[in-house]
Amino acid sequence: MVSVLQNVAIDCTDAYGLARFWSAVTGRPLDPEDRPGALETQVLLAEGPVLYFNQVPEPKTVKNRLHLCLRPETSRDQEVERLLGLGATFVGDHRNADGTGWAVLADPEGNEFCVLRSDSDRASATS
């Protein structure tokens with residue numbers, strides 16, 4: 001027997017607000033029952049577990065021990081710019097001159113995540 005990953009839980013101070021940010025990031029909807037002020041919200045991903053946001057009283061204070069890594073449909077650099085426009089902040093640049101690497105951003109509550117190279121970025125590097 002094994003366990004199945006049900007969701008990725010993210011503690012936050014504004015569950016609905018942070019879920020709306022991640023809904024825009026992923027292009028996936030919130031659970032239809034979620035409303036402003038909800039203490040628990042979900043982003044329903046197309047595949048795999050849902051992103052589950054749980055409102056807690058304390059703010060984030062240290063670096064995440066677990067984080068999300070995104071592989072965009074557009075180029076990595078275009079996606080970084082789009083996410084900054086949605087309210088993310090730039091944390092660290094691990095992009096290399098040869099096109100490899102990643103960028104570290106944070107969501108509006110400071111949770112770090114990575115933006116990896118897209119499939120097209122990776123294909124152009126090998127051709």
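**Close-up 1. L105 stands opposite F113 of β7 in this predicted model.** Leaving aside residues up to four places away in sequence, L105 touches V80, L83, L84, A88, T89, F90, V91, N111, E112, F113 and V115.

**Close-up 2. The hairpin of β6 and β7 has 5 residues between its strands.** In this hairpin, G110 takes a positive phi near 90°.

**Close-up 3. Strand β7 covers residues 112-115, and E112, F113, C114 and V115 are all buried.** E112 and C114 point one way from the strand, F113 and V115 the other way. In a regular strand, side chains alternate between the two faces of the sheet.

**Close-up 4. Strand β4, residues 68-70, pairs with β7 in the parallel sense.** This pairing runs over 3 bridges. L70 has V115 as its bridge partner in β7.

**Close-up 5. The largest nonpolar core of the model has 21 residues.** Those with the most contacts inside this core are L18, W22, V43, F53, L83, L105 and F113. At least two core residues come from each of β1 (7-12), α1 (15-26), β3 (50-55), α2 (76-86), β6 and β7. Helix α1 gives the most, with 7 residues. Nonpolar side chains tend to be buried together in soluble globular proteins.

Technical notes. Residues are numbered from 1 along each chain as its sequence is written. This is a predicted model: local features need pLDDT of at least 70, side-chain atom pairs count only at pLDDT 80 or more; totals for chains, interfaces and linings use all residues. Side-chain values use heavy atoms; hydrogens and water are left out. Buried means under 20% relative accessible area, exposed over 50%, partly exposed in between (1.4 Å probe, protein chains only). Helices (H or I, at least four residues) and strands (E, at least two) are DSSP runs, numbered from the N terminus. Two strands pair if DSSP finds at least two bridges between them. A nonpolar core is a set of buried Ala, Val, Leu, Ile, Met, Phe, Trp, Tyr and Cys residues joined through side-chain atoms within 4.5 Å. Contact means heavy atoms within 4.5 Å.
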